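This briefing is meant to be read with the model open alongside.

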Amino acid sequence: MSVLDYLSARSRPEIFYYNTRPEYHPHRLAKKLAELIREEMRGGKQGIVFLCIGTDRSTGDSLGPLIGHKLLERSQENAGFRQAAVFGTLDRPVHAMNLEQYHAFVRKNFPGRVIVAIDASVGNREHVGYVTLGKGALKPGLGVSKNLSEVGDIFITGIVGGCTSFDPVMLQSIRLSIVMRLADCICESICLVENLWDFPSVV
């Protein structure tokens, strides 16, 4: 769970915000995501890894596994994404206890891939229900006062609560409807740019 104020304070390119209500335009996020991926690939990287972070044991932190689950389903329906690997699903979540191991596995077995880190986040209350996208690493765990390593070349977050939502117990009371809407919107946008990929999806 990341804190957007932390992201904003770091020396990184602009963070792009996309409102998932009342009307979401998935192609806008897809277009910017494709642009950021192309920038990384111009630096010599090939292929993409979606690292979906979170746990299904907390509603507010279940965004990542839900997106991983949805991407895996889309992959199976379409005989696999052509250039993407997916880690972090409802069955096999990537969370605080195993993130370091998954990150090391990805670096070893998928060298030179663009890593897109996806996580739930907290931010300004007026931005609850927004998706953020940006270039740079994601710092998971800050929203619940955990110190985890930065991961990713590109980050996508869904804002599920306000900046005061640092209590892990409180995160369990986040409405599932908010998380599901964010997951649906992010997954839809990612699938719009799947023509960039040609590696099979894995978990």
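**A loop residue and its setting**

Ser62 lies in the loop that connects strand 3 with helix 3 (63-77). The model is a predicted one, and in it Ser62 is buried, its relative accessible area being 6%.

**Overall layout**

- The protein chain has six helices and seven strands, and reading along the sequence gives the pattern β-α-β-α-β-α-β-α-β-β-β-α-α.
- Of the 203 residues in the protein chain, 56% count as buried.
- When contacts in the protein chain between residues at least 6 apart in sequence are considered, 78% of them join residues at least 24 apart.

**Strands 3 and 4**

- Strand 3 (residues 48-52) pairs with strand 4 in the parallel sense, over four bridges, and Ile48 has Ala84 as its bridge partner in strand 4.
- In a regular strand, side chains alternate between the two faces of the sheet.
- Strand 4 (residues 84-87) is covered on both faces, since Ala84 and Val86 on one side are buried, and so are Ala85 and Phe87 on the other.

**Nonpolar cores**

- In soluble globular proteins, nonpolar side chains tend to be buried together.
- The largest nonpolar core has 40 residues, and of these Phe50 and Ile156 touch the most other members.
- At least two residues of this core come from each of helix 2 (26-42), strand 3, helix 3, strand 4, strand 5 (114-123), strand 6 (130-135), strand 7 and helix 6, with helix 6 giving the most, namely nine residues.
- Leaving out residues up to four places away in sequence, Ile156 touches Leu33, Val116, Ala117, Ile118, Asp119, Val131, Thr132, Leu133, Ile186 and Ile190.
- There is also a second, separate core of 17 residues, which includes Leu51, Tyr102, Ile115 and Phe155.

**Thr157 in strand 7**

- Thr157 is placed in strand 7 (residues 154-162), and Thr157 counts as buried because its relative accessible area is 0%, which is under the 20% cut-off.

**Helix 6 and its cysteines**

- Helix 6 (residues 176-192) consists of 17 residues and reaches 24 Å from its first C-alpha to its last, close to the 24 Å expected at 1.5 Å a residue.
- How many disulfides does a search of the whole structure find? The search finds zero.
- Cys191 is in no disulfide, as the nearest cysteine sulfur, which belongs to Cys187, is 4.1 Å away, whereas a disulfide would require the two sulfur atoms to be within 2.5 Å.

Notes
Residues numbered from 1 in each chain as written. Predicted model: local features only at pLDDT ≥ 70, side-chain atom pairs only at ≥ 80, totals over all residues. Heavy atoms only, no water. Expected span 1.5 Å × (residues − 1). Buried < 20%, exposed > 50% of the residue type's maximum accessible area, 1.4 Å probe, protein only. Pairing = 2+ DSSP bridges. Core = buried A, V, L, I, M, F, W, Y, C linked by side-chain atoms within 4.5 Å. Contact = heavy atoms within 4.5 Å.
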